[in-house]
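User: I have not looked at this structure before. Please take me through some of its features, one question at a time.

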Amino acid sequence: MDSISVVHATNAYLSSETESCKFKGESILFHFYLNNNDFDKALSIINRQEQLLNTFSCKGQFQYQLLNNKSIYYRAINDLENLSNFAFKTLESAERLKDPKKEIDAIQHIVFVFTRLNEDDKNWSYIKRAQKLIEVLKPSKETAPYLRWLAQEYETKYTLTERETLIDSALLFINKSKTIALKYDMNAELSETYKVLEGCAYHKKNFSNAVTYIDSSIYYAKTIKGNVNLGPLYIYKSWDLLEMEQVEEVNKNLDSALKYDKSSGGGKMYFYHEVSAIYEGIGKRDKALHYYKKYASLKDSVLNIKTLEKVNDMEQKYNKVANENKIVQLEKTKQFYLFLILGSLLTLLTFILLFRQRALKNKHKIMLTEQRLNKARMDPHFFFNAMASLQNLSLEENSPNTSLFVSRFAKIMRQSLENTYEDLIPLEDEIDFLKHYLEIQKLRYPDKFDFKFSIDDTLEIDELYMPSMILQPFVENAIEHGFKNINFKGMLNVGFKDLQNVIQITVRDNGKGFETKPIEKEYKSRAMQIIKDRLYLFNVQHKSNAKYIVSQKVDGFEIEIELPKLYQI
């Protein structure tokens with residue numbers, strides 16, 4: 001919106017006698033001044049809105065809008081201390097109004113604060129909270145920015161963890177956002193959307209696609225009226241070109257980045273950091289040092305311990321208020337539940353003695369089971385066979401599979417060791433482990449079999465937990481025994497279904513099933529007993545009914561495993 005349009009719009013609103021119109025007129029002015037970096041005038045609008053609010057008889061919606069405007073203002077000037085204060089107050093106000101979109105806006109401010117302070121563990125819980133609110137919204141012009149923001153956060157999380165499923169989720173959200181943005185000709189949103197697509201392509205090492213995406217982002221950004229910051233876009237393009245070793249083009253785009261950048265505060269700090277790193281990458285160490293000093297100077301003022309402490313204090317105050325509200329609600333029903341609890345205690349005491357003896361027997365059985373499990377993790381024969389395959393590959397001159405094999409083998413070795421010390425792991429970690437394991441088996445047995453994973457979209461694979469390495473013995477048996485000596489290409493299907501409170505996992509092969517030779521029967525019996533022991537221990541600890549069923553099919557075997565849905569506390 002240009003200045004003439006703003007004047008006409010605000011005059012119409014401000015001349016009205018209606019409270020909501022006057023407040024909206026001031027908000028239009030506020031955003032106009034803020035978009036043009038006129039922070040003094042933007043602050044004066046906030047002060048006027050505060051005075052106006054004091055005269056209103058009904059303050060609910062307007063109170064939220066004022067708090068949100070303050071959050072937007074302090075975010076723009078990178079005042080993290082004041083931003084955290086008003087961001088948590090904005091969230092409290094949105095919760096009182098029970099408006100999911102307002103809650104999402106407030107949460108975005110909080111995530112911004114924790115991201116700027118490198119408190120990534122804290123911001124992820126708020127991102128997941130916002131995701132649940134976003135996913136129930138109907139597709140519209142308003143939801144496109146939310147989906148794009150969610151994709152950005154998943155892409156950022158990938159840079160910290162390198163977990164492949166995070167990029168897949170980012171692409172899912174960003175393509176939904178892109179569809180909406182194209183439908184409604186949202187050029188500003190399309191610029192942001194292509195920026196996220198560039199990041200995903202970069203992480204997948206598809207640098208030519210990344211350049212195409214960032215060029216599209218720059219194109220749409222240049223069509224936007226008003227104050228647009230092109231500097232970071234040219235930075236992203238410089239990184240892509242650096243990976244493609246196009247040094248001259250990197251120099252040109254760095255010049256454009258420095259020319260067009262309009263960042264301030266924390267944004268300027270990160271901008272200088274990227275410029276320094278890229279100059280280092282093309283060997284211009286004098287310029288790299290120059291911009292690193294600029295970055296370090298800003299970092300000392302933007303990120304400091306006192307700010308971090310104050311932000312954490314704001315979060316504690318918010319949590320305290322939320323807990324106090326819960327306590328008030330609990331007090332209202334306290335007397336009713338008190339009588340109920342007393343009755344339950346009397347009943348419970350009656351059963352304690354009966355269960356005590358059974359618990360002692362179970363404890364003894366658990367100890368015996370745990371001793372067996374510590375000796376029975378992943379089959380050691382797989383590691384010896386894998387090393388033998390690696391030796392054969394290394395003897396082949398210039399074998400392209402050698403480094404790939406080593407990389408994947410090292411990864412599952414690390415995952416296997418890490419999982420040994422964890423009773424429960426995220427479902428997506430188990431899926432990643434199986435995929436890497438199967439890729440190694442394909443290198444060992446070229447053209448012997450293919451595999452396919454099918455996962456219900458409703459399964460929260462990054463939040464659901466399951467026993468570690470529970471599926472690997474079934475998968476190994478299908479490959480080592482089911483596909484042994486077959487004269488056709490094997491197919492292994494691994495499926496994950498969402499059945500209300502249960503995760504149903506199926507492992508299906510088209511091989512010949514379990515062998516009947518004595519040695520293989522002994523292996524089958526031992527492997528099945530290990531899994532039975534583990535599920536028994538799991539059921540006792542979690543009071544669940546996890547189980548598996550093995551069935552002979554016309555063209556192979558199918559194993560069906562049912563596990564309860566568990567979320568980490």
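User: Which residues do ring pairs link into a cluster?

Analyst: The model is a predicted one. It holds 23 aromatic pairs. Some ring pairs join up into a cluster, and its members are Tyr194, Tyr213, Tyr219 and Tyr220.

User: Is the aromatic pair of Phe453 and Phe496 stacked or edge-to-face?

Analyst: The ring centres of Phe453 and Phe496 are 6.5 Å apart, and the angle between the planes is 10 degrees. Planes under 30 degrees apart count as stacked, whereas those over 60 count as edge-to-face. The pair of Phe453 and Phe496 is therefore stacked.

User: How many residues apart in sequence are the parts that this pair ties together?

Analyst: Phe453 belongs to strand S2, residues 449–455. Phe496 belongs to strand S4, residues 490–499. The pair therefore ties together parts whose separation in sequence is 43 residues.

User: Are Phe453 and Phe496 buried or exposed?

Analyst: Phe453 has a relative accessible area of 18%, and Phe496 has one of 1%. The cut-off for buried is under 20%. Both values fall under it, so Phe453 and Phe496 are buried.

User: Which residue has its charged end over the ring of Phe453?

Analyst: A charge counts as sitting over a ring only within 6 Å of the ring centre, with a further limit on the angle. For the ring of Phe453, the distance from the centre is 5.5 Å, and the charged end belongs to Lys435. A second case is the ring of Phe449, with a charged end 5.6 Å from its centre, and there the residue is Lys442.

User: Which residue in the turn of the hairpin of S4 and S5 has a positive phi?

Analyst: S4 pairs with strand S5, residues 502–509, in the antiparallel sense over 8 bridges. Within this pairing, Leu492 has Asp509 of S5 as its bridge partner. The two strands form a hairpin with 2 residues between them, and the turn residue with a positive phi, about 55 degrees, is Gln500.

User: How many residues lie between S6 and S7 in their hairpin?

Analyst: Strand S6 (residues 547–553) and strand S7 (residues 556–564) run antiparallel and are joined by 7 bridges. Gln552 has Phe557 in S7 as its bridge partner. The number of residues between S6 and S7 in the hairpin is 2.

User: Which helix supplies the largest share of the lining of the second largest pocket?

Analyst: This pocket has a volume of about 670 Å³. Of its 24 lining residues, those closest to the centre are Ser169, Leu172, Asp457, Leu459 and Ile461. Helices H7 (120–134), H9 (164–183) and H20 (427–444) each supply at least two lining residues. The largest share is 7 residues, and the helix is H9.

User: How many residues of that lining are charged?

Analyst: By class, the lining of the second largest pocket has 8 nonpolar and 4 polar residues. The count of charged residues is 12.

Note on methods. Residues are numbered from 1 along each chain as its sequence is written. This is a predicted model: local features need pLDDT of at least 70, side-chain atom pairs count only at pLDDT 80 or more; totals for chains, interfaces and linings use all residues. Side-chain values use heavy atoms; hydrogens and water are left out. Rings of Phe, Tyr and Trp (its six-membered ring) pair if their centres lie within 6.5 Å; planes under 30 degrees apart count as stacked, over 60 as edge-to-face and the rest as tilted. Helices (H or I, at least four residues) and strands (E, at least two) are DSSP runs, numbered from the N terminus. Buried means under 20% relative accessible area, exposed over 50%, partly exposed in between (1.4 Å probe, protein chains only). A charge sits over a ring if NZ of Lys or CZ of Arg is within 6 Å of the ring centre and within 35 degrees of the ring normal. On a 1 Å grid over the protein atoms alone, a cavity is a set of points where a 1.4 Å probe fits but cannot get out, and a pocket is an open set with protein on both sides within 12 Å along at least five of seven lines; lining residues have an atom within 4 Å of a point. Grid points are joined across faces, edges and corners, and a volume is the space filled by probe spheres set on the points. Ala, Val, Leu, Ile, Met, Phe, Trp, Tyr, Cys and Pro count as nonpolar, Asp, Glu, Lys and Arg as charged, and the others, Gly among them, as polar. Two strands pair if DSSP finds at least two bridges between them.
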